[in-house]
Amino acid sequence: MHADAPGNLFVVAAPSGAGKSSLVKALLELDSHLAVSVSHTTRKPRGQEQNGREYWFVEMAEFRRMVDDGDFIEWAEVHGNCYGTSRRAVEARLAQGEDVVLEIDYQGALQIKKLFAHAVLIFILPPSWEELRQRLHRRGEDQPDVIVQRMENARHEVDQARHFDFVIINGLFETALFDLKTVVHSQRLRYAAQLRNKSAVFSALGLV
Ligand code: GDP
Ligand code: ADP
Ligand code: 5GP
């Protein structure tokens with residue numbers, strides 16, 4: 001991974017049910033310069049999930065082979081399943097100047113920050129524990145014992161928010177989406193990004 005790759009790398013983490021997927025999905029619909037990286041996982045697909053859309057669903061043996069071959073820029077075990085981000089897809093997109101979003105857990109986010117110092121780490125918090133529990137139930141995708149496990153893990157996960165660059169509280173969805181858009185937009189106003197993307201203006205002003 002090259003620190004001077006032209007695209008921005010955004011990493012979004014949250015405890016399960018905080019609204020990370022909903023927010024990222026809404027952001028992508030508004031922003032054609034962003035692409036989300038589709039992770040590999042050993043978790044079984046949920047009802048509506050399609051291979052290659054939400055995740056690449058693989059068996060444990062295949063996942064292990066990919067780890068051994070160095071195919072992942074990060075991987076972690078989360079709630080008893082393995083998840084990993086494919087190196088090839090992310091590096092190719094960044095090199096083309098595309099901004100990339102990773103929707104991954106905090107362990108993966110911290111690995112990415114070590115590899116890629118310019119990555120922007122964003123943590124999504126629920127407005128309360130009660131609201132988080134209700135969202136996991138309302139989503140209706142996980143068995144009650146899985147929900148209990150995810151709520152237990154959430155205590156430790158939210159404690160990791162302190163290591164992130166930005167924190168967004170997903171109370172009112174539209175407000176949280178606005179906040180997420182603002183973080184993405186602000187990165188594109190950085191001097192180096194403006195110089196790259198608005199070179200004609202810089203040159204007309206005699207700045208380059
Ligand atoms: P997935 O991307 O198919 O896994 O869907 P999600 O679980 O992320 O979200 C389910 C649906 O709820 C999506 O159509 C979201 O856009 C929608 N949604 C999520 N949060 C809100 C909200 O706060 N208000 C409204 N009106 N819709 C929401
Ligand atoms: P995650 O990807 O973090 O596990 P989801 O995006 O699947 O979370 O959201 C969990 C549930 O909460 C979904 O049913 C989603 O529709 C709902 N949700 C997300 N954001 C909000 C919000 N701001 N207010 C109410 N419900 C929300
Ligand atoms: P879910 O099973 O609810 O889709 O995801 C469970 C957890 O795994 C979430 O915290 C999610 O962010 C994380 N996750 C998904 N893909 C990856 C990945 O590629 N790498 C890492 N480290 N975590 C991931």
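Author: In DSSP terms, a helix is a run of H or I of at least four residues and a strand a run of E of at least two, numbered from the N terminus. This is a predicted model, in which local features need pLDDT of at least 70 and side-chain atom pairs 80 or more, while totals for chains, interfaces and linings use all residues. Residues are numbered from 1 along each chain, chains are lettered from A and ligands numbered from 1 as written, and side-chain values use heavy atoms, without hydrogens and water.

Reader: How do you know what confidence the predictor has in the protein?

Author: The protein averages a pLDDT (confidence in each residue, from 0 to 100) of 94, and 98% of the residues score at least 70. For the complex, the predictor gives an ipTM of 0.74 and a pTM of 0.84.

Reader: Which residues and elements line the largest pocket?

Author: Lining residues have an atom within 4 Å of a pocket point, and 45 residues line the largest pocket, with K20, S21, R46, E103 and R139 nearest its centre. At least two lining residues each come from α1 (20-30), β5 (72-78), β6 (81-86), α5 (129-139) and α6 (144-158), and α1 gives the largest share, six residues. The lining divides into 16 nonpolar, 13 polar and 16 charged residues, where Asp, Glu, Lys and Arg count as charged and Gly is among the polar ones.

Reader: Why are α5 and α6 called oblique?

Author: Angles under 35 degrees count as roughly parallel, over 145 as roughly antiparallel, 65 to 115 as roughly perpendicular and the rest as oblique. The helices α5 and α6 pack at about 140 degrees, their axes 11 Å apart, and are therefore oblique to each other.

Reader: What makes α1 oblique to α7?

Author: α1 and helix α7 (residues 173-188) pack at an angle of about 60 degrees, with axes 10 Å apart, and that angle makes α1 oblique to α7.

Notes:
On a 1 Å grid over the protein atoms alone, a cavity is a set of points where a 1.4 Å probe fits but cannot get out, and a pocket is an open set with protein on both sides within 12 Å along at least five of seven lines; lining residues have an atom within 4 Å of a point. Axes are lines fitted to C-alpha atoms, for helices over the stretch in contact, and angles run from 0 to 180 degrees between N-to-C directions.
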